[in-house]
Amino acid sequence: MTVTDRAEARPISARDHRLDPWRAFLVAHARITRRLDELRDELRGLEQTPRELEEWAQEEKDRDILIRLEDRETEELRKIQAALGLIDRKEYGYCQNCGKPIPRARLEELPTAFRCVDCTS
């Protein structure tokens with residue numbers, strides 16, 4: 001294993017200044033929370049406004065899309081909260097299945113990766 005390979009496999013700590021996952025997760029958490037509030041406000045607006053049949057059908061379709069977006073955002077928020085918990089327990093950057101370090105490149109691409117590539121497949 002070369003020095004580069006070892007550096008690539010080294011788990012990322014919250015103190016690593018080049019990639020600060022805690023800060024990134026907090027920013028993403030705030031963004032998703034704001035977006036969820038916007039989606040919920042939009043859904044409430046759709047439910048309170050009487051419409052004609054065609055408008056109602058389009059609004060139902062829009063409502064379904066908004067609900068799916070809300071579900072995705074909520075799931076991403078759950079993953080961020082789980083990753084923050086791993087950081088607090090100093091377990092972030094390690095596979096939750098086998099315990100091996102998750103490569104830096106994988107965490108940079110997918111900060112909420114909880115398993116290494118081997119355990120994911």
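Modeller: The model is predicted, so local features are given only at pLDDT of at least 70 and side-chain atom pairs only at 80 or more, while totals for chains, interfaces and linings use all residues. Residues are numbered from 1 along each chain as its sequence is written, and side-chain values rest on heavy atoms, with hydrogens and water left out.

Let us turn to the surroundings of this residue. If residues up to four places away in sequence are set aside, Phe 25 touches Ile 80, Ala 83, Leu 84, Ile 87, Tyr 92, Pro 111 and Thr 112, where a contact is heavy atoms within 4.5 Å.

The structure holds one aromatic pair, and the rings of Phe 25 and Tyr 92 form an edge-to-face arrangement because their centres are 5.8 Å apart and their planes stand at 85° (ring centres of Phe, Tyr or Trp, the latter by its six-membered ring, must lie within 6.5 Å; planes under 30 degrees apart are stacked, over 60 edge-to-face and the rest tilted). This pair joins distant parts of the chain, since Phe 25 sits in helix H2 and Tyr 92 in the loop between H3 and H4, 67 residues apart.

Both residues also belong to a wider group. The largest nonpolar core has 16 residues, and Phe 25 and Tyr 92 are among those with the most contacts inside it, including also Ile 32, Ile 80, Leu 84, Ile 87 and Leu 107 (such a core is a set of buried Ala, Val, Leu, Ile, Met, Phe, Trp, Tyr and Cys residues joined through side-chain atoms within 4.5 Å). Helix H2, residues 21–48, and helix H3, residues 53–88, are the elements that give two or more residues to this core, and H3 gives the most, with six residues.

The side chains of Arg 40 and Glu 70 meet in a salt bridge, at 2.7 Å from N to O (a side-chain nitrogen of Lys or Arg within 4 Å of a carboxyl oxygen of Asp or Glu). Here too the partners come from distant parts of the chain, with Arg 40 in helix H2 and Glu 70 in helix H3, 30 residues apart. Arg 40 is partly exposed, with a relative accessible area of 33%, whereas Glu 70 counts as buried at 13%.

The protein chain has five helices and zero strands (DSSP runs numbered from the N terminus, helices being H or I with at least four residues and strands E with at least two). Of its 121 residues, 26% are buried, and among contacts between residues at least 6 apart in sequence, 58% join residues at least 24 apart.

Methods:
Buried means under 20% relative accessible area, exposed over 50%, partly exposed in between (1.4 Å probe, protein chains only).
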